[in-house]
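Subject: Structure handover

Hello,

Here is the structure you asked about, with sequence and coordinates together. My notes on the helix packing and the charged pairs follow below it.

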Amino acid sequence: MNAFANGGALDHAGGMAEWMPSSWRERPAAQQPQWPDEAALERALKQLAALPPLVFAGEARNLTKALGEVATGRAFLLQAGDCAESFADFSADSIRDKLKVILQMAVVLTYGSGVHVVQVGRMAGQFAKPRSSATEQSGDLDLPSFRGHMVNDDAPSAAGRVADPERLLAAYHQSAATLNLLRAFTQGGFADLSQVHAWNQQFVASSLQGRRYEAIAGEIDRAMRFMRACGIDLDADPKLHQVPFWTTHEALILGYEEALTRRDSLTGDWYDCSAHMVWVGERTRHLDGAHMEFLSGIGNPLGCKLGPSATADEVLAICERLNPDRVPGRLTLITRLGANRVADVLPPIVAAVADAGHPVVWACDPMHGNTFTTPSGRKTRRFDDVLGEIQGFFAVHRDTGTWPGGVHIELTGDDVTECLGGSEEILEDDLELNYTTMCDPRLNARQSLDLAFRVAELLRV
Ligand code: PEP
Ligand code: CO
């Protein structure tokens, strides 16, 4: 990969300086915490740099290949998980339940559309949040904003909101433990297709979409029995017993990402070994900024969020900056425009990228352009807006002849009441029942499954 093709830094002699994991430090870095104790930060980063990588370069390359299939229209991306992972809600059960929902959604999408689904969890590293404002009001207190458990505490106290570098290490260790369990679950039998019934949690199974899911699970059982009866040795094929599952998060706190960036001994290229895929957010995707500089030099597959202010020229420049060699699967453009803007904003962008021949994955994040606050002060999203943005996204791609490659969803395996609507309708008053997110409102397991059925229908036509 040519890291210097565009926007690369000039060295003092006017030549192109070699990209290094620290090159971002020469650029303005948005959304970085104010660490009060510089020496403590340096110590934490040094410790991180000495710790083992969480993922291997070869795995990241395999994900690029899998996403390359998405870019060419032969597979579909499901990127999903928490808005912000929590140090407090950290247990085998919560990891398992989130994984169950993602596995269920993938089954529904694959069974309903016949298209392979690439599963990427916003898990094992999603601990940092960009904020629109540096401070937030809590009662009478004017506090520094919560920036994710990698940085400070969500509890509204002045002491808790101080950025603490020890949290960088805690985030690393929680990511390692989460990833270890995900690997055990997805490779050790839990994701076996013979377990499809077991992924249906009780509170989901009793719902309309839970019953629809059971019907599919029953048909998969029947198909497997049929193949066995025909003499096919199902035990011999690992594809039926293991699921490739990848991790992803927003590469926001650049010191952390730099400390986990290692040179691959096989190729000599740099990889950010904190996750398989990382993305740059809507608030940090400045072409000359530190985040773009960092992403441009790592070999991982990359995502870039695009909000409603994005223009075709800007997006073309992003493609050149992050994927100058035009590797299919290297770059996923994640549009998050809002249900009422997608039809206007998306067409010229998609047309420009298609005309320029950039082999991107197009993914729809139907969450972040559809958030609003209720009169009682709850941040929420309507299921119908989420679905509406996805429908608009599919319509634009159908018109342009491009592949609507995937969806990017904030969800949880818990029975929360954070988003409104869905076929088992959650009403505004219900938001108080079980609203536990630290950041953005998430679809619960029923709403997620509901959405998967709708997306499968869109993929079928
Ligand atoms: C997010 O994905 O949680 C997020 C903050 O997204 P965006 O950068 O698109 O606002
Ligand atoms: Co969010």
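A salt bridge here is a side-chain nitrogen of Lys or Arg within 4 Å of a carboxyl oxygen of Asp or Glu. This is a predicted model, in which local features need pLDDT of at least 70 and side-chain atom pairs count only at pLDDT 80 or more, while totals for chains, interfaces and linings use all residues. Residues are numbered from 1 along each chain as its sequence is written, and side-chain values use heavy atoms, with hydrogens and water left out.

Confidence

The chain has a mean pLDDT (the predictor's confidence in each residue, from 0 to 100) of 95, and 97% of its residues reach 70 or more. Residues 1-8 have pLDDT below 50; beyond near neighbours in sequence, this stretch has 23 contacts in the model (contact means heavy atoms within 4.5 Å).

Salt bridges

The count comes to 28 salt bridges. One of them pairs aspartate 82 with lysine 98, the closest N and O atoms being 3.0 Å apart. Aspartate 82 is in the loop between strand E1 (75-81) and H3, and lysine 98 is in helix H3, so the pair ties together parts that are 16 residues apart in sequence. Helices (H or I, at least four residues) and strands (E, at least two) are DSSP runs, numbered from the N terminus.

Helix packing

Helix H3 (residues 92-113) packs on helix H4 (residues 166-187) at an angle of about 50 degrees, with the axes 10 Å apart. Axes are lines fitted to C-alpha atoms, for helices over the stretch in contact, and angles run from 0 to 180 degrees between N-to-C directions. That makes H3 oblique to H4 (under 35 degrees counts as roughly parallel, over 145 as roughly antiparallel, 65 to 115 as roughly perpendicular and the rest as oblique). On the H3 side the contact is made by Ala92, Ile95, Arg96 and Leu99, and on the H4 side by residues including Leu181 and Phe185.

The axes of helix H11 (residues 383-400) and helix H12 (residues 445-460) come within 11 Å and cross at roughly 20 degrees. H11 and H12 are therefore roughly parallel to each other. Among the residues making this contact are Phe383 and Phe394 of H11 and Asp450 and Arg454 of H12.

H11 also packs with helix H10 (residues 342-356), their axes coming within 9 Å and crossing at roughly 35 degrees. Contact residues include Pro347 of H10 and Gly392 of H11.

Regards

Note on methods
Chains are lettered from A and ligands numbered from 1 in the order in which they are written.
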